[in-house]
Amino acid sequence: MDYFHKDGNNPIFHFTFAFMKRAILHMDLDTFFVSCERLLDSDLVGKPILVGGSGNRGVVSAASYEARTFGARSGIPMKMARLLCPEAIVIQGNSDIYTQYSKMVTEILKESVPVLEKSSIDEFYADLSGMDRFFGTYKYASELRKKITTETGLPISFGLSENKTVSKIAANEAKPDNQIQIEYGFEKAFLAPLSLKKIPMIGDKTFQRCLSIGLHKVSDIQKMSMEAMKQIFGKNGSKMWLRAHGIDNNPIIEYHERKSISKERTFEKDTSDIEKLKATITAMVENLAYQLRKGGKICSCVSVKIRYSNFDTYSKQMKIPYTAADHILLQKTWELFQKLYDKRPLIRLVGVRFSGITNGNYQISLFDNPAKAIDLYTAMDEIRNRYGHQAIKRASAMGARSIGRMSNPFNGDPPILLTH
């Protein structure tokens, strides 16, 4: 079978087969942060670029393909990346711009596909099942990819197959700025020669363990039984086996921009005590941000509500770059509260709401000094996961009544205080 097909000057990879049960499209914006920066400054085109924290503890959020040839990649310390690629241009990053471009792509896709899932700021799934009888899913996906590039200037790649796992891997193989279709029945053949690191759930530690027992390529798992994989890797072994065989029945989870989480506090006695109000808001923001991170979510809108003793109720909201970081959300929430707050009447209720929620990692908003902040939130969340959400909190939140229904398991011991 000829796996390679030329379309003009750009190679288009696809497999041909007559019938497909499902048609799941995965679209991935190529080196998204770098591409946005190049739209702002064309002189950056073709040059090695590193986007991320510029301090000694900064982390690379995105690396251009030119920088990757030297070994630089996202997730490694910026200091290391600069040693690997001394010629790289380092850009601190502008999350406002990235959020705007992401929303442009989201709007195009929402108007063009039946069901859309936004899995991160730069990745999308769409269910095109049944569209073959009208358009041809591969042709339609190709035209959609061209539309996104034409209207936004951003390069984007896609993978098209009968499930999410295979489509995501195909999109990664298509990069940069290309597309692959894997027809029904050829999933195993497509996956077999690839490195096990290509399977989304296999991280560095699992990959090293695989190498230690002689598993290098996806075909190595395909030759094993599911029971053998379960014995070696536990419950994850069966998931690895299924994905290595191109089996994934997970549905598209429809994207809803208006999805939100919120908390409100009605005081037992109406108050104008600013310290009490600040402690209450801090506690609510901490809890909501923890919920976001625990669910692998980020938000793009903050709202504050105030109800006074005469029951007059006011609210104010602010669009923000996608984040789930306490210190950013606290700052924005308090700014809104101060703009909304009338000092004269007593306050009966305050509320905080985070909306515009999507899947993603809060690292995007931590360009200033991400490594330190990420380590801090990871440590805080591990304590909360183990002992409950009230086990650790900022000192400024100590004056607030317990937020939520989770009990404190410390049996009377005080929670850990965070004064940062």
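What follows is a chat about a predicted model of one protein chain.

User: I'm new to this one, so how many helices and strands does the chain have?

Analyst: The protein chain has 14 helices and 17 strands, and since this is a predicted model, everything I say here describes that prediction. Buried residues make up 50% of the 420 residues in the chain.

User: And what share of the contacts join residues at least 24 apart?

Analyst: If we take contacts between residues at least 6 apart in sequence, 66% of them join residues at least 24 apart.

User: Where is Lys188 found, and what is it in contact with?

Analyst: Lys188 is found in helix H7, which covers residues 187-191, and, leaving aside neighbours within four places in sequence, Lys188 is in contact with Gln222 and His245. Because its relative accessibility is 39%, Lys188 counts as partly exposed.

User: Switching to helices, at what angle do H12 and H13 pack?

Analyst: Helix H12 (residues 274-294) and helix H13 (residues 326-340) pack at an angle of about 140°, with their axes 9 Å apart, so H12 is oblique to H13. Their crossing is right-handed, and the residues of H12 that meet H13 include Ile274, Leu277, Ile281, Val285 and Leu292, while those on the H13 side include Leu329, Leu330, Trp334 and Phe337.

User: What about H10 and H11, how far apart are their axes?

Analyst: The axes of helix H10 (residues 226-233) and helix H11 (residues 235-244) are 6 Å apart, and the two helices pack at an angle of about 135°, which means that H10 is oblique to H11. H10 passes H11 in a right-handed crossing, where Met226, Met229, Lys230 and Phe233 in H10 meet a set of H11 residues, among them Met240, Trp241 and Leu242.

User: Which residues in H4 are buried, and how far does that helix reach?

Analyst: Helix H4 has 16 residues, 95-110, and reaches 22 Å from its first C-alpha to its last, close to the 22 Å expected at 1.5 Å a residue. Its buried residues include Ile97, Tyr98, Tyr101, Val105, Ile108 and Leu109, along with Ser95 and Thr99.

User: Cysteines next: how many disulfides are there?

Analyst: The structure holds 0 disulfides. Cys299 is in no disulfide, and the nearest cysteine sulfur, that of Cys301, is 7.9 Å away, whereas a disulfide needs the two sulfur atoms within 2.5 Å.

User: Is Cys299 buried or exposed, and what about Cys85?

Analyst: Cys299 is buried, with a relative accessible area of 0%, and Cys85 also counts as buried because its relative accessibility is 2%.

User: Last topic, which residues have a positive phi although they are not glycine?

Analyst: Among them are Thr31, with a phi of about 35°, and Phe311, with a phi of about 75°. Thr31 lies in the loop between strand S3 (24-29) and helix H1 (32-40) and counts as buried because its relative accessibility is 11%, while Phe311 has its place in the loop between strand S12 (297-308) and strand S13 (313-323).

Key. Residues are numbered from 1 along each chain as its sequence is written. This is a predicted model: local features need pLDDT of at least 70, side-chain atom pairs count only at pLDDT 80 or more; totals for chains, interfaces and linings use all residues. Side-chain values use heavy atoms; hydrogens and water are left out. Helices (H or I, at least four residues) and strands (E, at least two) are DSSP runs, numbered from the N terminus. The expected span of a helix is 1.5 Å times one less than its number of residues. Buried means under 20% relative accessible area, exposed over 50%, partly exposed in between (1.4 Å probe, protein chains only). Axes are lines fitted to C-alpha atoms, for helices over the stretch in contact, and angles run from 0 to 180 degrees between N-to-C directions. Angles under 35 degrees count as roughly parallel, over 145 as roughly antiparallel, 65 to 115 as roughly perpendicular and the rest as oblique. A crossing is left-handed if the near helix is turned anticlockwise from the far one by less than a right angle, and right-handed if clockwise. Contact means heavy atoms within 4.5 Å.
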